[in-house]
Amino acid sequence: MKTENEQRAPVLDPVDRVSEIIFGLIMALTFTGTISAATAGREEVRTILFAALGCNIAWGLVDAVMYLIRTLTERTRNHSLLQRIRSAAHPADAHAIIAQELPGRLGTAISTDSLEDMRQRLVALPQLPARARLGRDDYYGALGVFLLVVLATFPVVIPFIFIAETALAMRVSNAVALVMLFAAGHAYGRYAGGVPWRSGLAMMGIGAAPEGVISAAAIK
């Protein structure tokens with residue numbers, strides 16, 4: 001269990017970083033997928049690109065706030081758990097609390113001696129403040145969340161800025177997005193210890209599906 005004094009290194013873990021990039025990419029694709037290669041003029045394309053950027057800025061702000069709320073909620077819960085363990089009347093009561101919080105079947109498989117060792121280590125931790133609170137690293141993490149969501153917009157929209165032909169810009173934009181989605185899925189797979197290229201292909205499919213639905217709806 002994490003305590004309030006524990007420092008995060010790095011501020012965002014790999015799953016957080018990759019997830020925010022994917023969110024930003026898919027949000028941007030939902031806008032670029034509505035562009036019609038046959039009928040869209042430069043003014044219409046520009047409006048859609050500004051809308052995509054504005055949406056991701058708003059989404060990035062909301063996601064950053066939710067990151068802080070989630071962090072504070074988790075820290076408050078861990079703070080409460082540590083207090084319960086320390087105030088348990090009997091070691092067996094503390095063992096039950098610890099075992100319940102362990103992932104999967106680990107709680108039923110771990111020995112009493114190991115639970116007691118964990119209890120003693122937790123009890124020996126420095127005294128916590130009266131309540132859990134956010135620290136500087138948490139606000140850095142929220143800023144990182146915001147920036148990742150917003151910056152993920154640019155690789156998708158930049159082709160429309162520098163390529164005048166809308167159809168070609170759409171193909172380049174989609175290709176860039178698919179490459180980034182593959183890279184994100186590859187990172188997921190490598191972090192999880194799975195097969196990275198399969199995760200990459202799966203993420204490409206997940207990202208391409210909403211765009212295909214939006215493009216089909218736009219054609220109708």
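**Helix α2 and its neighbours**

Modeller: In this predicted model, helix α2 passes α6 in a right-handed crossing. Helix α6 comprises residues 136-151, and its axis lies 8 Å from that of α2, at an angle of about 150°. Because angles over 145 degrees count as roughly antiparallel, α2 is roughly antiparallel to α6. On the α2 side, the residues that meet α6 are Leu 53, Asn 56, Ile 57, Trp 59, Gly 60, Leu 61, Asp 63, Ala 64, Tyr 67, Leu 68, Thr 71 and Arg 75. Their partners in α6 are Asp 138, Tyr 139, Gly 141, Ala 142, Val 145, Phe 146, Val 149 and Val 150. The residues of this contact between α2 and α6 comprise 13 nonpolar, four polar and three charged.

Helix α1, residues 14-32, also packs on α2: the two axes come within 9 Å and cross at roughly 150°. That angle makes α1 roughly antiparallel to α2, and α1 passes α2 in a right-handed crossing. From α1, the contact draws on Asp 16, Glu 20, Phe 23, Gly 24, Met 27, Ala 28, Phe 31 and Thr 32. From α2, it draws on Ile 48, Leu 49, Ala 51, Ala 52, Cys 55, Asn 56, Trp 59, Asp 63, Tyr 67 and Arg 70. By class, the residues of the contact of α1 with α2 are 11 nonpolar, three polar and four charged. Asn 56, Trp 59, Asp 63 and Tyr 67 of α2 take part in the contacts with both α1 and α6.

A further partner is helix α3, residues 91-101, whose axis comes within 9 Å of that of α2 and crosses it at roughly 150°. This crossing makes α2 roughly antiparallel to α3. Here Arg 77, Leu 81, Arg 84 and Ile 85 of α2 touch Ala 94, Ile 97, Ile 98 and Glu 101 of α3. The contact of α2 with α3 holds five nonpolar, no polar and three charged residues.

The elements giving two or more residues to its lining are α2 (42-87) and α7 (154-162), and α2 gives the most, with six residues. The lining consists of Arg 42, Val 45, Arg 46, Leu 49, Phe 50, Leu 53, Thr 153, Phe 154, Val 157, Phe 160 and Ile 161. Those lining residues divide into eight nonpolar, one polar and two charged. Among them, Leu 49 also belongs to the contact of α2 with α1, and Leu 53 to the contact of α2 with α6.

Definitions and conventions: Residues are numbered from 1 along each chain as its sequence is written. This is a predicted model: local features need pLDDT of at least 70, side-chain atom pairs count only at pLDDT 80 or more; totals for chains, interfaces and linings use all residues. Side-chain values use heavy atoms; hydrogens and water are left out. On a 1 Å grid over the protein atoms alone, a cavity is a set of points where a 1.4 Å probe fits but cannot get out, and a pocket is an open set with protein on both sides within 12 Å along at least five of seven lines; lining residues have an atom within 4 Å of a point. Helices (H or I, at least four residues) and strands (E, at least two) are DSSP runs, numbered from the N terminus. Ala, Val, Leu, Ile, Met, Phe, Trp, Tyr, Cys and Pro count as nonpolar, Asp, Glu, Lys and Arg as charged, and the others, Gly among them, as polar. Axes are lines fitted to C-alpha atoms, for helices over the stretch in contact, and angles run from 0 to 180 degrees between N-to-C directions. Angles under 35 degrees count as roughly parallel, over 145 as roughly antiparallel, 65 to 115 as roughly perpendicular and the rest as oblique. A crossing is left-handed if the near helix is turned anticlockwise from the far one by less than a right angle, and right-handed if clockwise. Contact means heavy atoms within 4.5 Å.
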